[in-house]
Amino acid sequence: MGLVKTVLFSDFDGTITEQETFSLLMKEFAPEASRQIVPRLLSGETTLRDGVPAILETIPSARFPEMVNRMRSMALRPGFPEFLDLLERHSIPLVVLSGSLVELVMARLAPYASKISRVVAAHAETDGTFLRIYSETAGGSELVHKAAVMREYGGVLKIAIGDSVTDLTMAREADLVFARSILAERMKTENRPFVPYGTFFDISNYLEIFLKGTRNRG
Ligand SMILES: [Mg+2]
């Protein structure tokens, strides 16, 4: 009985976390730049690749520890630890794809680090007076080109979980998509199949049944 190799790709903000923590932090720590640039991001005048660093690089490096600390108390979507256990039982690696910063994502996910295969996001450098933002996976208009990272994994069965417009390219690469909020609306508009979810319990319940099916197919 051959196992179908499966990899799970998940967004972070508004997906693993309940709230858009990255937007909240940008508004709190860079209020002026956010006021100026966020509307331009939303209208499409500025790309994420240019706009997000433009906001973050107005934040003094000295305040970064405060941002990291703030992340530690952000609420995760219910059922996340149990979902990680399910992936472990089925030997499915979890790749977190985030348009946020690795340092912020890991501040919250550190307790689960051993159960996460890889975190892909931008990086903040704090040597200078202000933050400097780097991304090894920038592509097109995106600071983190989620679909390009997924393609690195070749012909495995790809499952994606997301919540917003920035997850659309990821959803298009995936064989199975869990979507909520704006991503779910866009999937409907594009007539693409997806599984709606509210919590990670919903996802785990669906996957338990789905994985039984893929196991018998191999
Ligand atoms: Mg999100």
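In the predicted model, Phe 9 finds its bridge partner in Val 95 of strand β2. This pairing belongs to the contact between strand β1, which spans residues 6-10, and β2, the two strands running in the parallel sense and being joined over 3 bridges. Strand β2 also pairs with strand β3, formed by residues 118-125, again in the parallel sense but over 4 bridges, and here Leu 97 has Val 120 of β3 as its bridge partner. Strand β2 itself covers residues 94-101, and because 8 of its 8 residues are buried, the strand is largely enclosed by the rest of the structure.

A second element of the model concerns the packing of two helices. The arrangement of two packed helices is described by the angle between their axes together with the distance between those axes. For helix α2 (residues 31-43) and helix α3 (residues 48-56), the axes come within 9 Å and cross at roughly 170°; since angles over 145 degrees count as roughly antiparallel, α2 and α3 are therefore roughly antiparallel to each other. On the α2 side the contact is formed by Ala 33, Ser 34, Ile 37, Arg 40 and Leu 41, which meet Leu 48, Gly 51, Ala 54 and Ile 55 of α3. By residue class, the contact of α2 with α3 comprises 6 nonpolar, 2 polar and 1 charged residues.

How values were computed: Residues numbered from 1 in each chain as written. Predicted model: local features only at pLDDT ≥ 70, side-chain atom pairs only at ≥ 80, totals over all residues. Buried ≥ 20, exposed ≤ 12 C-beta atoms within 10 Å, placed from the backbone. Pairing = 2+ DSSP bridges. Axes fitted to C-alpha atoms, helices over the stretch in contact; angles between N-to-C directions. Parallel < 35°, antiparallel > 145°, perpendicular 65-115°, else oblique. Contact = placed C-beta atoms within 7 Å. Nonpolar A, V, L, I, M, F, W, Y, C, P; charged D, E, K, R; others polar.
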